[in-house]
Amino acid sequence: DGCGHTVLGPESGTLASINYPQTSPNSTVCEWEIRVKPGQRVQLKFGDFDIDDSDSCHSSYLRVHNGIGPTRTEIGKYCGFGFQMDGLITSKSNEVTVQFMSGTHTSGRGFLAAYSTTDKSDLITCLDNASHFSEPEFNKYCPAGCVIPFADVSGTIPHGYRDSSSLCMAGVHAGVVSNTLGGQINVVISKGIPYYEGSLANNVTSKVGPLSTSLFTFKTSGCYGTLGMESGVIPDSQITASSVLEWSDQTGQVNVWKPENARLKRVGPPWAAFISDDHQWLQIDLNKEKRITGIITTGSTLAEYYYYVSAYRILYSDDAQKWTVYREPGMDKDKIFQGNTELYQEVRNNFIPPVIARFFRINPLKWHQKIAMKVELLGCQFSIGRVPKITTPPPPPQNKNDKKNDDLSDDFIHSVKTSLQTDKTTFTPEIKNTTVTPSVTKDVALAAVLVPVLVMVFTTLILILVCAWHWRNRKKKSEGTYDLPYWDRAGWWKGMKQFLPTKSAEHEETPVRYSSSEISHLRPREVPTVLQTESAEYAQPLVGGIVGTLHQRSTFKPEEGKEASYADLDPYNSPIQEVYHAYAEPLPITGPEYATPIIMDMSSHPSTPLGVPSISTFKAAGNQAPPLVGTHNKLLSRTDSTSSAQALYDTPKGQLGPGAADELVYQVPQSTAHSAGSKDE
């Protein structure tokens, strides 16, 4: 009467004292006899050990023996509070006896232990969780029987499980190991998430969990995709049932809950059987053999119809004629799967090992009010050749021995199909009169890889083009609509001036000066030539008939063709062809802000009294006359035919008046080069 949680599998198992992890009762005893395959040995590992040792292991203890029965020999006797058992206890044969004795005590949880064959060197117990291991990825072996009520699991696949969850119990919930058989798990540790969902799967209820620093997931074969019920890949014609519920509501409308309604997450009513008994079934034809790894079920999902199936069996077939009930390996009873506990929740059950079949049938055994459900199958393509079928000539009349042989053949085929692994190559055994029918299936792995890669490539190209277009627009906006390109700005011209002919300091700083005597000896056509000096960077243009002044370092492009200006003093006698620059040149830094005053003799004008000069004055910067700028500036002169040969000219400030000297120095006004002629000539 001292035996607690116990699962004894063919290769591994779990055992615990009564009431664990609570205090075990007084005066109880339990004895476990463990057997594995001949030729193998047993190893025992304790997950927790807390037995009263007040009387030095006299009345309360745990004893381990080699062998079973009277011939067994003792390996060790153990007791103590919080006793740490380092390492494993290993037997000398394939049989072990574990004896627990509980005397009079006031405290002590008892013990929990796991066992396996010695070839499972990485054995852990059902109490180990991810925080017990520091590696980011590791492999461990979980024993059978780790679905225990005193261990917690938070999370689900594929999001992951909280690090405080039992590794082996989470492995059962995820469907990577069987609670009946145990198995190997491949664990990957990663960063935790704020919230862990809860769900029911494989008889394990996962609870909702809060934030944790880390979580763990399992590496699997990846054969857990949906097989087409929800998506509609499986057509309605391939979903059948034993009966269909048909009824009329209060309005007289006929409602038919057909088999094709049994698609998971499909809005509307489910499939429901007309008669609720254990002979009803829902059948799915997958069109060819598939590797089926699990099933998800829900109830009616209609609040006004509280129907669901709480337990069912699974049958499968290759021809829809002969059916096989699913059983776990080594078990002689049909596997009963836990179904739903209410009409909305999705409940998952996994098949370990997977089912290889074309036809799949669900047989409800327990239900609430009526048989109603929605279903989705999990699995993948089955790409290995079918198991060979044995064909024999027409047999003679059967006897009992023949019947036994037929049963043996069926058992052999069933055993092979339920244990077949897709990651190993299966060779066809050499059996006489054997016909091998290969199963040709499409390999979708290549398409599953290429499609995401192509999508990523095209997406990347589109993003690059969009970014380049956006960058180009931003660059144009930054230059401005009326801004000059960088090669047209004054800074570039300054850098290029060093490659052009330079002007002398005399021409840059000193105005061009001519005497009246020099001018009188020149012929009219020679005057413009003599007056032409070395070209400045830019000439100052005339705009709208007024002597205008561009700002320093400005650029001015004259209009095409020849135009008259104030610089052409004699429009009736101008034999010299004007020379224009392609572009106007900017004024130097020291240039004047306003044009130089021009004083002209207008005494001969009819509207002006004789002897009274008409004076036109332009404002100059300061009291100093500006220096000469421009290569094509010419002497401006007018000769009055009614007066003396002396002409009035603009006299530079600081010099004598017009009649003070024989040779006068004149300020040449800023204007475009034109010829200066005399009317007398």
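**Exercise 1. Find out what share of the chain's residues is buried, and describe the chain as a whole.**

Solution. Start with burial: in this predicted model, 40% of the 681 residues count as buried. Next, look at the secondary structure, where the chain holds seven helices and 31 strands. Then turn to the contacts. Among those with a separation of 6 or more, 77% are between residues 24 or more positions apart. Finish with the surface: the chain exposes about 38300 Å², and carbon and sulfur atoms supply 55% of that area.

**Exercise 2. Work out how many disulfides the structure has and how the bonded cysteines pair up.**

Solution. First, recall what to look for: a disulfide is a covalent bond between the sulfur atoms of two cysteines. A search of the whole structure gives five of them. Now number the bonded cysteines in sequence order, and read off the pairing as 1-2, 3-4, 5-7, 6-8, 9-10.

**Exercise 3. Describe the link between C3 and C30: which elements does it tie together, and is each cysteine buried or partly exposed?**

Solution. Begin with the bond itself, which has an S to S distance of 1.5 Å. The angle about the S-S bond is 95°, and the link is right-handed. C3, at 39%, counts as partly exposed.

**Exercise 4. Explain which parts of the chain are tied together by the disulfide of C223 and C380.**

Solution. Take the geometry to begin with: C223 joins C380 with an S to S distance of 1.9 Å, and an angle of -95° about the bond makes the link left-handed. C223 sits in the loop between β16 (214-218) and β17 (225-226), and C380 sits in strand β27 (residues 372-381), so the pair ties together parts that are 157 residues apart in sequence. C223 is buried at 2%, whereas C380 is partly exposed at 24%.

**Exercise 5. Locate the largest nonpolar core and follow the contacts of I362.**

Solution. The largest nonpolar core contains 28 residues, and those with the most contacts inside it are I295, I314, F351 and I362. Two or more residues of this core come from each of β18 (239-241), β22 (282-298), β23 (308-317), β26 (347-368) and β27. Now trace I362. Beyond its neighbours within four places in sequence, I362 is in contact with residues including L282, I295, Y312, I314, M373 and V375. Finally, look elsewhere in the chain: a second, separate core has 24 residues, with W32, I34, L44 and V96 among them.

Definitions and conventions:
Residues numbered from 1 in each chain as written. Predicted model: local features only at pLDDT ≥ 70, side-chain atom pairs only at ≥ 80, totals over all residues. Heavy atoms only, no water. Disulfide = S-S within 2.5 Å. Buried < 20%, exposed > 50% of the residue type's maximum accessible area, 1.4 Å probe, protein only. Helix = DSSP H or I, 4+ residues; strand = E, 2+ residues; numbered from the N terminus. Core = buried A, V, L, I, M, F, W, Y, C linked by side-chain atoms within 4.5 Å. Contact = heavy atoms within 4.5 Å. Areas by Shrake-Rupley, 256 points an atom, 1.4 Å probe, with all protein chains shown as cover.
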